[in-house]
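Dear colleague,

Please find the structure below, together with its sequence. My notes on what was found in it follow.

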Amino acid sequence: MSRLPWVTVGFVILCVGTALSGLGEQWLTYDRAHAGQLWRYATANIVHHDNYHLLTNVLAFILLAGTLEHRKSPGVLIALILVTSLASTATLHFWLPAYGSFAGASCISYAILGYLLFEIGRAHV
C-alpha cells in the first residue's frame with residue numbers, strides 16, 4: 001500500500017484555495033509594480049490567471065509531483081518547489097524586465113520534469 005503524497009495534495013489545495021478566495025491576483029501575483037512586496041516572489045506560483053490555467057497547471061503538477069514524491073521523498077519535492085518558486089520569479093525580475101506580472105505553477109512542473117528526466121538518465125548510464 002503506497003502512502004498519500006501529502007506535499008502534492010497540499011500544494012494543489014493551496015492553489016485551488018487561492019483561486020476560490022479571489023485574493024490571489026490582488027495580493028499574491030508577482031507584479032513589477034509591487035516589487036517591494038517580497039512575499040510575491042514566493043507566492044506567484046500558487047496564483048493562476050483563470051480556471052483553465054489553474055486546471056492545466058494542477059493536472060501537470062499532480063502527475064509530476066506525485067511521481068517525484070513517491071520515488072524520492074517529500075523533502076526533495078518541498079526543496080524543489082521552494083527553490084524553483086524563488087528562482088523563477090527572481091529570474092523574471094532581474095533578467096526579463098519586459099515581464100510585468102507573473103503567475104502559475106508551470107515553472108515548478110517543468111523543474112520537476114527536468115529532475116525526473118535527469119534521474120531516469122542517470123539510472124541508465
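I begin with H48, which is located in the loop that joins α3 (40-43) to α4; helices here are DSSP runs of H or I with at least four residues, strands are runs of E with at least two, and both are numbered from the N terminus. Its relative accessibility is 10%, so H48 counts as buried (buried is under 20% relative accessible area, exposed is over 50%, and partly exposed is in between, with a 1.4 Å probe and protein chains only). H48 and F61 are separated by 13 residues in sequence and, C-alpha to C-alpha, by 13 Å in space.

Please note that this is a predicted model, in which local features need pLDDT of at least 70 and side-chain atom pairs count only at pLDDT 80 or more, while totals for chains, interfaces and linings use all residues. Residues are numbered from 1 along each chain as its sequence is written, and side-chain values use heavy atoms, with hydrogens and water left out.

The core comes next. The largest nonpolar core has 26 residues, of which F11, F61, L77, I81, I108 and I112 touch the most other members. Such a core is a set of buried Ala, Val, Leu, Ile, Met, Phe, Trp, Tyr and Cys residues joined through side-chain atoms within 4.5 Å. At least two of its residues come from each of α1 (6-21), α4 (51-71), α5 (74-95) and α6 (106-123), and α4 gives the most, with 6 residues. Once neighbours within four places in sequence are set aside, I112 is in contact (heavy atoms within 4.5 Å) with F61, L64, A65, L68, L77 and L80.

I turn now to the helix pairs. The axes of α4 and α5 come within 8 Å and cross at roughly 135°; axes are lines fitted to C-alpha atoms, for helices over the stretch in contact, and angles run from 0 to 180 degrees between N-to-C directions. This makes α4 oblique to α5 (angles under 35 degrees count as roughly parallel, over 145 as roughly antiparallel, 65 to 115 as roughly perpendicular and the rest as oblique). On the α4 side the contact is made by F61, A65, L68 and E69, and on the α5 side by P74, V76, L77, L80 and I81. By class, this contact has 8 nonpolar, no polar and 1 charged residues; Ala, Val, Leu, Ile, Met, Phe, Trp, Tyr, Cys and Pro count as nonpolar, Asp, Glu, Lys and Arg as charged, and the others, Gly among them, as polar.

For α5 and α6, the axes come within 9 Å and cross at roughly 130°, and the two helices are therefore oblique to each other. Residues V76, L77, L80, I81, T84, S85 and S88 of α5 meet C107, I108, A111, I112 and Y115 of α6. The contact of α5 with α6 has 9 nonpolar, 3 polar and no charged residues.

Two further residues of interest remain. L113 lies in helix α6 and, at 34% relative accessibility, counts as partly exposed. Its C-alpha atom is separated by 8.9 Å from that of L68, 45 residues apart along the chain. H124 is placed in the segment after α6 and counts as exposed, at 68% relative accessibility.

Yours sincerely
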